[in-house]
Amino acid sequence: MYEIRIALPDWVDGFLAAYQLYPTDDEGRMQLVLALARENIRAGTGGPFAAAVFGRGDGRLIAIGVNRVVASRCSLAHAEMVAIGLAQQQLGHYDLAAAAPGGCVLYTSAEPCAMCMGAIPWAGLQRVVIAARDMDARAAGFDEGDKPQDWLAAYARRGIEVVSDLLRAEAAAVLAHYARLGGEIYGPRADP
């Protein structure tokens, strides 16, 4: 049997248990996401990216994701993809808009790359809150892929609200810290 297995690091349960109450506002939720990204770096369990899916109607935390590309040896294991996939499994449906009362919101430590950008509408997410920009991830050495220039307008046409630059400086500092530490910059290799 063939399967893809992407597991969250062992520290996640203890990390989340330390939160008595999950944040209820955008800034608090993004602070949680950035704390996850920092811990992923500190623990040496992945790249400097994290994401979380919250219910839009009830505000509950449904799933989190941290970057697991290197650990899982799978380029699909971006933080957003992990959070989306775990949210779908948690709710028992591929369409998060249909599965959660009021739909779902994705909080992500950096602007989605080309792959994650495509997954957002297909997963039925209705709102995306972003910290660092594409240029911040690229400055740290990551290849974000070829993204449409008008992606914000395309999301708007699909009814997906986007909030950008929430705690951007803090998120960009996480990316820069990872690069300074010499963290593995994964992605397609340049021509040999």
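Here are a few notes on the cysteines, a helix pair and the salt bridges in this predicted model.

1. Let's start with the cysteines. The disulfide count is zero. Cys-104 takes part in none, and the nearest cysteine sulfur, that of Cys-116, is 16 Å away. Cys-104 is also buried, with 0% relative accessibility.

2. Like Cys-104, Cys-116 is buried, at 0% relative accessibility.

3. Cys-116 brings us to helix α6, which spans residues 114-122. Its buried residues are Cys-116, Met-117, Ala-119, Ile-120 and Pro-121. Just past the end of α6, have a look at Gly-124, whose phi is positive, about 85°.

4. Now for a helix pair. Two packed helices are described by the angle between their axes and the distance between the axes. For α2 (residues 26-42) and α9 (residues 168-180), the axes come within 10 Å and cross at roughly 10°. That makes the two helices roughly parallel, because the cut-off for that label is an angle under 35 degrees.

5. Who does the touching? On the α2 side, the contact is made by Leu-34, Ala-37, Arg-38 and Ile-41. On the α9 side, Glu-170, Ala-171, Val-174, His-177 and Tyr-178 take part. Sorted by class, this contact has six nonpolar residues, one polar and two charged.

6. Glu-170 sits in α9 and Arg-38 in α2, so the pair ties together parts that are 132 residues apart in sequence. Glu-170 is partly exposed at 30% relative accessibility, and Arg-38 is partly exposed at 35%.

7. In total, the model has eleven salt bridges. One of them joins Asp-58 and Arg-60, at 3.3 Å from N to O. Asp-58 is partly exposed, with a relative accessible area of 43%, and so is Arg-60, with 38%.

8. Are Glu-111 and Lys-147 buried or exposed? These two form a salt bridge with their closest N and O atoms 2.8 Å apart. Glu-111 is in the loop between β3 and α6, and Lys-147 is in the loop between α7 (134-139) and α8, 36 residues apart. Both residues are buried. Elsewhere, salt bridges with shared partners join Asp-26, Arg-56, Arg-127 and Glu-161 into one network.

How values were computed
Residues are numbered from 1 along each chain as its sequence is written. This is a predicted model: local features need pLDDT of at least 70, side-chain atom pairs count only at pLDDT 80 or more; totals for chains, interfaces and linings use all residues. Side-chain values use heavy atoms; hydrogens and water are left out. A disulfide is a pair of cysteine sulfur atoms within 2.5 Å. Buried means under 20% relative accessible area, exposed over 50%, partly exposed in between (1.4 Å probe, protein chains only). Helices (H or I, at least four residues) and strands (E, at least two) are DSSP runs, numbered from the N terminus. Axes are lines fitted to C-alpha atoms, for helices over the stretch in contact, and angles run from 0 to 180 degrees between N-to-C directions. Angles under 35 degrees count as roughly parallel, over 145 as roughly antiparallel, 65 to 115 as roughly perpendicular and the rest as oblique. Contact means heavy atoms within 4.5 Å. Ala, Val, Leu, Ile, Met, Phe, Trp, Tyr, Cys and Pro count as nonpolar, Asp, Glu, Lys and Arg as charged, and the others, Gly among them, as polar. A salt bridge is a side-chain nitrogen of Lys or Arg within 4 Å of a carboxyl oxygen of Asp or Glu.
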